[in-house]
Amino acid sequence: MEVDLRIEADGTRCTIEPVNEEYYTKEELQAYVGGSIIIYRLEDGYMFANPDGESLRLPYNGHGTNILIDHGYPHCNARGVIVLADTSHVDLTKLLNTVTVAEL
(Lines give C-alpha, C1' and ligand atoms only; values in the text may rest on other atoms or scores of the structure.)
Protein backbone atom coordinates (compact mmCIF):
# COMPACT_ATOMS: atom_id res chain seq x y z
CA MET A 1 0.00 0.00 0.00
CA GLU A 2 1.58 3.24 -1.08
CA VAL A 3 -1.15 5.76 -0.24
CA ASP A 4 -3.14 5.99 2.98
CA LEU A 5 -6.88 6.35 2.51
CA ARG A 6 -9.89 7.42 4.52
CA ILE A 7 -12.94 5.64 3.10
CA GLU A 8 -16.45 6.73 4.05
CA ALA A 9 -19.34 4.25 4.19
CA ASP A 10 -20.66 5.64 0.90
CA GLY A 11 -17.35 4.82 -0.81
CA THR A 12 -15.97 8.36 -0.85
CA ARG A 13 -12.17 8.22 -0.64
CA CYS A 14 -9.70 10.79 0.56
CA THR A 15 -5.91 10.52 0.66
CA ILE A 16 -4.54 11.16 4.15
CA GLU A 17 -1.21 11.22 5.92
CA PRO A 18 -0.14 11.47 9.55
CA VAL A 19 -0.28 15.00 10.94
CA ASN A 20 3.28 14.63 12.27
CA GLU A 21 4.34 13.25 8.84
CA GLU A 22 5.63 10.07 10.47
CA TYR A 23 3.10 7.93 12.40
CA TYR A 24 -0.61 8.11 13.13
CA THR A 25 -1.49 8.77 16.75
CA LYS A 26 -4.32 7.06 18.57
CA GLU A 27 -6.18 10.35 18.83
CA GLU A 28 -5.80 11.03 15.13
CA LEU A 29 -7.19 7.59 14.22
CA GLN A 30 -10.05 8.01 16.70
CA ALA A 31 -11.00 11.27 15.01
CA TYR A 32 -11.15 9.51 11.63
CA VAL A 33 -13.25 6.50 12.74
CA GLY A 34 -15.38 8.34 15.29
CA GLY A 35 -14.44 6.64 18.55
CA SER A 36 -12.71 3.45 19.63
CA ILE A 37 -10.26 1.76 17.28
CA ILE A 38 -9.71 -1.78 16.12
CA ILE A 39 -6.69 -2.71 14.00
CA TYR A 40 -6.88 -5.30 11.24
CA ARG A 41 -3.59 -6.56 9.88
CA LEU A 42 -3.57 -6.67 6.09
CA GLU A 43 -0.93 -8.07 3.75
CA ASP A 44 0.38 -4.64 2.84
CA GLY A 45 -0.65 -2.46 5.76
CA TYR A 46 -3.39 -1.96 8.32
CA MET A 47 -7.06 -1.16 8.37
CA PHE A 48 -8.46 0.87 11.25
CA ALA A 49 -12.17 0.88 12.07
CA ASN A 50 -14.57 1.54 14.91
CA PRO A 51 -15.30 -1.77 16.74
CA ASP A 52 -18.53 -0.27 18.09
CA GLY A 53 -19.88 0.60 14.65
CA GLU A 54 -22.83 -1.76 14.82
CA SER A 55 -23.97 -0.70 18.30
CA LEU A 56 -23.49 2.95 17.30
CA ARG A 57 -25.58 2.24 14.19
CA LEU A 58 -22.89 3.54 11.87
CA PRO A 59 -23.64 2.92 8.19
CA TYR A 60 -22.38 -0.30 6.61
CA ASN A 61 -19.09 0.12 4.73
CA GLY A 62 -19.15 -2.38 1.87
CA HIS A 63 -15.66 -1.55 0.65
CA GLY A 64 -14.19 -2.03 4.11
CA THR A 65 -16.09 -5.28 4.58
CA ASN A 66 -14.78 -6.62 1.26
CA ILE A 67 -11.23 -5.79 2.31
CA LEU A 68 -11.74 -7.67 5.58
CA ILE A 69 -13.14 -10.73 3.80
CA ASP A 70 -10.29 -10.68 1.26
CA HIS A 71 -7.74 -10.62 4.11
CA GLY A 72 -9.09 -13.51 6.17
CA TYR A 73 -11.73 -11.84 8.35
CA PRO A 74 -14.86 -13.50 6.88
CA HIS A 75 -17.09 -12.86 9.90
CA CYS A 76 -16.30 -9.17 10.26
CA ASN A 77 -18.04 -6.21 8.72
CA ALA A 78 -16.98 -2.60 8.62
CA ARG A 79 -19.21 0.24 9.72
CA GLY A 80 -18.68 3.96 9.25
CA VAL A 81 -15.32 5.36 8.21
CA ILE A 82 -12.28 3.13 7.77
CA VAL A 83 -8.63 4.07 7.41
CA LEU A 84 -6.18 2.11 5.29
CA ALA A 85 -2.59 2.85 6.29
CA ASP A 86 0.77 1.72 5.01
CA THR A 87 2.97 -0.05 7.55
CA SER A 88 5.47 2.80 7.30
CA HIS A 89 2.92 5.12 8.96
CA VAL A 90 1.99 2.87 11.86
CA ASP A 91 4.05 2.41 15.02
CA LEU A 92 2.37 -0.51 16.74
CA THR A 93 4.47 -0.07 19.87
CA LYS A 94 2.63 3.22 20.47
CA LEU A 95 -0.82 1.78 19.72
CA LEU A 96 -0.95 -1.82 20.96
CA ASN A 97 -1.41 -1.13 24.65
CA THR A 98 -4.42 1.12 23.99
CA VAL A 99 -6.02 -0.28 20.84
CA THR A 100 -7.75 -3.60 20.11
CA VAL A 101 -6.10 -5.82 17.51
CA ALA A 102 -8.48 -8.06 15.54
CA GLU A 103 -7.83 -11.79 15.46
CA LEU A 104 -8.33 -13.97 12.41
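Author: We begin with accessibility: a residue is buried under 20% relative accessible area, exposed over 50%, and partly exposed in between, with a 1.4 Å probe and protein chains only. Helices (H or I, at least four residues) and strands (E, at least two) are DSSP runs, numbered from the N terminus. The model is predicted, so that local features need pLDDT of at least 70 and side-chain atom pairs count only at pLDDT 80 or more, while totals for chains, interfaces and linings use all residues. Residues are numbered from 1 along each chain as its sequence is written, and side-chain values use heavy atoms, leaving out hydrogens and water.

Reader: Which residues of helix 1 are buried, and why do they line one face?

Author: An α-helix has 3.6 residues a turn, so residues three or four places apart point the same way. In helix 1 the buried residues are E28, L29, Y32 and V33. They line one face because, seen down the axis, they fall within an arc of 125 degrees, taken from the directions from the helix axis to the C-beta atoms. The face turned away from this buried side carries the exposed residues E27 and A31.

Reader: Where is S36 found, and with which residues is S36 in contact?

Author: Contact means heavy atoms within 4.5 Å. S36 is found in the loop between helix 1 (26-33) and strand 3 (38-42), and, leaving aside neighbours within four places in sequence, S36 is in contact with A49, N50, P51 and D52. At 35% relative accessibility, S36 counts as partly exposed.
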